[in-house]
Amino acid sequence: FITHITPPHLPLGQDLWRCFPGLTSLDLSSCRQVSDTTLGTISSHLHATCLSVLTLRRAPHVTDAGVLSLALLSGLTSLSLGSCSKLTEDGLVFLSHSLPSLALLTFRGGVPVTDRVLKSIGAIKTLTHLELWWNDDVTDIGLSNLITLEELEVLSLYNCQGIFGNGIRPM
């Protein structure tokens, strides 16, 4: 069985789950053809499988509607989003509430990680690893919402210009 697949040889849509029924890890980085429809198809067909890792970066056509379909992936333990410029704060808040089993969450640039989003992330009690790279919306106030994450082992804040240290002190 193939358990991990990355571009460029990626059969998107319905063919994906037929070709790779044991898929556990899917990396859609730089697949510019990925759309909301693609994510909806993947989510509806892979939710019954053991997909646990999803990476989606540089996907300019993905909006909140596509990310909302990821809620069907109840076994997802690792999610990485970056440079998805059409995502909004509302979509990220919903996503955080919809994936309670996440252990690893990465938001890298081009994703609006606001105080409100960080508050919703603070409710993911299984989170052990959180990366917030190149996010100028991240503030000390937002980080203070993460104090409830008792399992958190790694917090990476690379190039987050809105942090001055006060939000990290209580952690």
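Strand S5, helix H5 (residues 115-121) and strand S6 (residues 129-133) form a right-handed β-α-β unit. Right-handed here means that, with the strands pointing away from the viewer, the path from the first strand over the helix to the second runs clockwise. Helices (H or I, at least four residues) and strands (E, at least two) are DSSP runs, numbered from the N terminus. This is a predicted model, where local features need pLDDT of at least 70 and side-chain atom pairs count only at pLDDT 80 or more, while totals for chains, interfaces and linings use all residues. Residues are numbered from 1 along each chain as its sequence is written, and side-chain values use heavy atoms, with hydrogens and water left out.

**The chain as a whole**

- The protein chain has 6 helices and 7 strands, and from the N terminus on they run β-α-β-α-β-α-β-α-β-α-β-α-β.
- Of its 171 residues, 50% count as buried, where buried is under 20% relative accessible area, exposed is over 50%, and partly exposed is in between (1.4 Å probe, protein chains only).
- Take the contacts (heavy atoms within 4.5 Å) with a separation of 6 or more: residues 24 or more positions apart account for 66% of them.
- The accessible surface of the protein chain is about 7,900 Å², and 56% of that belongs to carbon and sulfur atoms; the areas come from the Shrake-Rupley method with a 1.4 Å probe, and for residues only the protein chains shown count as cover.

**Strand S5 and its neighbours**

- On one side of the story is strand S4 (residues 78-82), which pairs with S5 in the parallel sense over 5 bridges; two strands pair if DSSP finds at least two bridges between them.
- Gly82 has Arg108 of S5 as its bridge partner.
- To get from S4 to S5, the chain goes through helix H4 (residues 89-98), and this β-α-β crossover is right-handed too.
- S5 also pairs with S6, again in the parallel sense and over 5 bridges.
- Arg108 turns up here as well, with Trp133 as its bridge partner in S6.

**Strand S4**

- Why is S4 largely enclosed by the rest of the structure? Because 5 of the 5 residues of S4 are buried.
- Both faces of S4 are covered, with Ser78, Ser80 and Gly82 on one side and Leu79 and Leu81 on the other.
- Strand S3 (residues 53-57) runs parallel to S4 and is joined to it by 5 bridges.
- Leu79 of S4 is the bridge partner of Leu54, and Leu79 also stands opposite Leu105 in S5.
- Ser78, in S4, counts as buried because its relative accessibility is 14%.
- Not counting residues up to four places away in sequence, Ser78 touches Ser52, Val53, Leu54, Leu102 and Leu104.

**Helices H4 and H5**

- Which residues of H4 are buried? They are Gly91, Leu92, Val93, Leu95, Ser96 and Ser98.
- The buried residues of H4 pack against helix H3 (64-68), S4, S5 and H5.
- An α-helix has 3.6 residues a turn, so residues three or four places apart point the same way.
- Over in H5 you'll find Ser120, which is buried, with a relative accessible area of 3%.
- Ser120 is in contact with Leu92, Val93, Ser96 and His97, leaving aside its neighbours within four places in sequence.
- The side chain of Ser120 also reaches the backbone oxygen of Val117 at 2.7 Å. That is a polar contact, meaning a pair of N or O atoms within 3.5 Å; within protein, one must be able to donate a hydrogen and the other to accept it, and residues adjacent in sequence count only if both atoms are side-chain atoms.

**Ser43 in helix H2**

- Ser43 lies in helix H2 (residues 36-46) and counts as buried because its relative accessibility is 0%.
- Setting aside residues up to four places away in sequence, Ser43 touches Ser69, Leu70, Leu72 and Leu73.
- Ser43 and Leu72 are 29 residues apart in sequence, yet 5.9 Å apart in space, C-alpha to C-alpha.
- A polar atom of the Ser43 side chain lies 3.2 Å from the backbone oxygen of Ser69.
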